[in-house]
Amino acid sequence: MTYDFRIQAADAATMYRDLASALEGLVAGERDAVANMANAAALIWETLPELNWAGFYRNVGGELVLGPFQGRPACIRIAFGEGVCGVAAETRQVQRVEDVHAFPGHIACDSASNSEIVVPIVRGGELIAVLDIDSPRKGRFTEEDEAGCTKLAEILAKAL
Ligand code: SME
C-alpha cells in the first residue's frame, strides 16, 4: 500500500471526494482509533488550504479530551456545552463558525484561529468524538466544507 495521498484538485467538491476516498483507504482494515485519528488529522492538514489546526476531541466519560491533531498544542479538556467543540458535542450539530471571536464562550487555544468548523462523530446514537478544524481566515469554511467534512465524519464513525 502506498501512503502518498497528496491531493490536488481544481474545485472543492472534487477535493473532498478525493479526500474521502483517501481517508477510506487509510482506515480500511484498521480498528485502532488513535492510528485512524492520527492519519485523518494528517491527511486533512496536508489537503485543506488555510488551516492552523486540525484534529480530534474524544468523548471520554462525558468530557471532551484532546486526541490526535496537527497544529499548535491545544487545551486538553473541554466540557460539553463549552466553546465551539463543546456545543457541537452537546447538540450533535455541526458548528460552522465564520468568526470565532463572535461565538459566545469560544476557547482560544491558538490566537491565529479566526474561523472554525466542528463536526460530531456519532455511531449507534453515541457521540464518539468531534472533528475540529480551525483557520486563520474569517469565513474560511463554506457549505461545501460542511458537506465534505460531514462525509469524513461518517467514514470515521465506522473506524473509531
Ligand atoms: N476553539 C475551540 C477549542 C479547541 S481549539 O480550537 C483546538 C473551541 O472553542 O471549542
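Is Arg 77 buried or exposed? Arg 77 is exposed, with a relative accessible area of 52%. The notes below concern a predicted model.

1. Fold. The chain has four helices and six strands, arranged along the sequence as α-α-β-β-β-α-β-β-β-α. Its radius of gyration is 14 Å, close to the 15 Å from the globule rule for 160 residues, so the chain is as compact as a globular protein of that length.

2. Packing and surface. Buried residues make up 46% of the 160 in the chain. Of the contacts between residues at least 6 apart in sequence, 51% join residues at least 24 apart. The accessible surface is about 7700 Å², and carbon and sulfur atoms account for 49% of that surface.

3. Charge. There are 14 positive and 23 negative side chains, with the centres of the two sets 3 Å apart. The whole structure contains seven salt bridges, including those described in the next points.

4. Arg 77 and Glu 63. These side chains form a salt bridge with an N to O distance of 3.0 Å. Arg 77 is in strand S3 (residues 77-79) and Glu 63 in strand S2 (residues 63-71), so the pair ties together parts 14 residues apart in sequence. Glu 63 is partly exposed at 28%.

5. Arg 137 and Glu 50. Here the closest N and O atoms of the salt bridge are 2.8 Å apart. Arg 137 sits in the loop between strand S6 (126-135) and helix H4 (143-157), and Glu 50 in the loop between helix H2 (33-47) and strand S1 (53-59), so the pair ties together parts 87 residues apart in sequence. Arg 137 is partly exposed, with 39% relative accessibility, and Glu 50 is partly exposed with a relative accessible area of 39%.

Key: Residues are numbered from 1 along each chain as its sequence is written. This is a predicted model: local features need pLDDT of at least 70, side-chain atom pairs count only at pLDDT 80 or more; totals for chains, interfaces and linings use all residues. Side-chain values use heavy atoms; hydrogens and water are left out. Helices (H or I, at least four residues) and strands (E, at least two) are DSSP runs, numbered from the N terminus. The radius of gyration is taken over C-alpha atoms; the globule rule is 2.2 Å times the number of residues to the power 0.38. Buried means under 20% relative accessible area, exposed over 50%, partly exposed in between (1.4 Å probe, protein chains only). Contact means heavy atoms within 4.5 Å. Accessible areas come from the Shrake-Rupley method with a 1.4 Å probe; for residues, only the protein chains shown count as cover. Lys and Arg count as positive and Asp and Glu as negative; His and the chain ends are not counted. The place of a charge is taken as NZ of Lys, CZ of Arg, CG of Asp or CD of Glu. A salt bridge is a side-chain nitrogen of Lys or Arg within 4 Å of a carboxyl oxygen of Asp or Glu.
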